[in-house]
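These are my notebook entries on one protein chain. I set down below what I looked up, entry by entry.

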Amino acid sequence: MAERVKPRISTRKQPKQSRSNELVSAILTAAVHVLVEEGAQRFTTARVAEKAGVSIGSLYQYFPNKASILFRLQSDEWRGSTEMLSEILTGTAPPKDRLRRLVHVFVRSECEEAPVRRALADAAPLYRDAPEAREMRAEGDRVFDSFILILLTGIPDGVRDIAGELIITTLTAVGKEFSETPRTDEEIDVYAAAMADMLCSYVDTLIGV
């Protein structure tokens, strides 16, 4: 049986002029609207072009197919998350303070971006196994793993690895579940504070505080 050909997810070319940047920005903005309003199953390049008010030919100058548009949306989200991780976790504050801030920022981000995140999750099979996608996820993993080495200094490697996996899994899984329902700012703050307390208490038990 012939191996299934994966769709190309890289863009055709990078915009270099202001007008080209504006065109790509309009396409991506339209893509978010179509994705949230129509869902991943009804997401097409034709609908995106119509929503953006551009010709399908103009869209194809930069994005060869719908997978490339969806991957660009996802990669922008991953890049933003990695930058957020790096800013918080490589700071100069005490490690547990950095963990607390990460929890608060992450939970709020999950709630604010829930509609797009859910829609992108449905579209993930189109691009999640591509080398570009794996590399972008790996960069975020490297930032977090470096922080765990600082947070749990002196802990045996095996225990530290399990702890790091447990912290990130709890943060992502519980944050995702919490964001499935619309939340007020007060609810987000209270929930994030409780999760931060829980994770910091777990860290204290590991380091013997």
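**Entry 1: Elements.** I took helices (H or I, at least four residues) and strands (E, at least two) as DSSP runs, numbered from the N terminus. On that basis, the elements of the protein chain run α-α-α-α-α-α-α-α-α from the N terminus on. I noted 9 helices and 0 strands.

**Entry 2: Basis.** The model is predicted: local features need pLDDT of at least 70 and side-chain atom pairs count only at pLDDT 80 or more, while totals for chains, interfaces and linings use all residues. Residues are numbered from 1 along each chain as its sequence is written, and side-chain values use heavy atoms, with hydrogens and water left out.

**Entry 3: Whole chain.** The C-alpha trace spans about 60 × 45 × 40 Å along its principal axes. I looked up burial next, where buried means under 20% relative accessible area, exposed over 50%, and partly exposed in between (1.4 Å probe, protein chains only). Of the 209 residues in the protein chain, 38% are buried. For contacts (heavy atoms within 4.5 Å), I considered those between residues at least 6 apart in sequence and found that 72% join residues at least 24 apart.

**Entry 4: Salt bridges.** I counted a salt bridge where a side-chain nitrogen of Lys or Arg lies within 4 Å of a carboxyl oxygen of Asp or Glu. The search of the whole structure finds 16 salt bridges.

- Lys 51 and Glu 37 meet in one of them, at 3.7 Å from N to O. Lys 51 lies in helix 2 (residues 45-52) and Glu 37 in helix 1 (residues 18-38), so this pair ties together parts that are 14 residues apart in sequence.
- Glu 87 forms another with Arg 101, the closest N and O atoms being 3.7 Å apart. Here helix 4 (residues 66-89) holds Glu 87 and helix 5 (residues 95-112) holds Arg 101. Glu 87 counts as exposed because its relative accessibility is 54%, whereas Arg 101, at 42%, is partly exposed.
- Glu 180 pairs with Arg 118 in a salt bridge, with the closest N and O atoms 3.8 Å apart. I placed Glu 180 in the loop between helix 8 and helix 9 (185-207) and Arg 118 in helix 6 (residues 114-123), 62 residues apart. Salt bridges that share partners join Glu 110, Arg 117, Arg 118, Lys 176 and Glu 180 into one network.

**Entry 5: Asp 161.** Is Asp 161 buried or exposed? I found Asp 161 in helix 8, and it counts as exposed because its relative accessibility is 53%.
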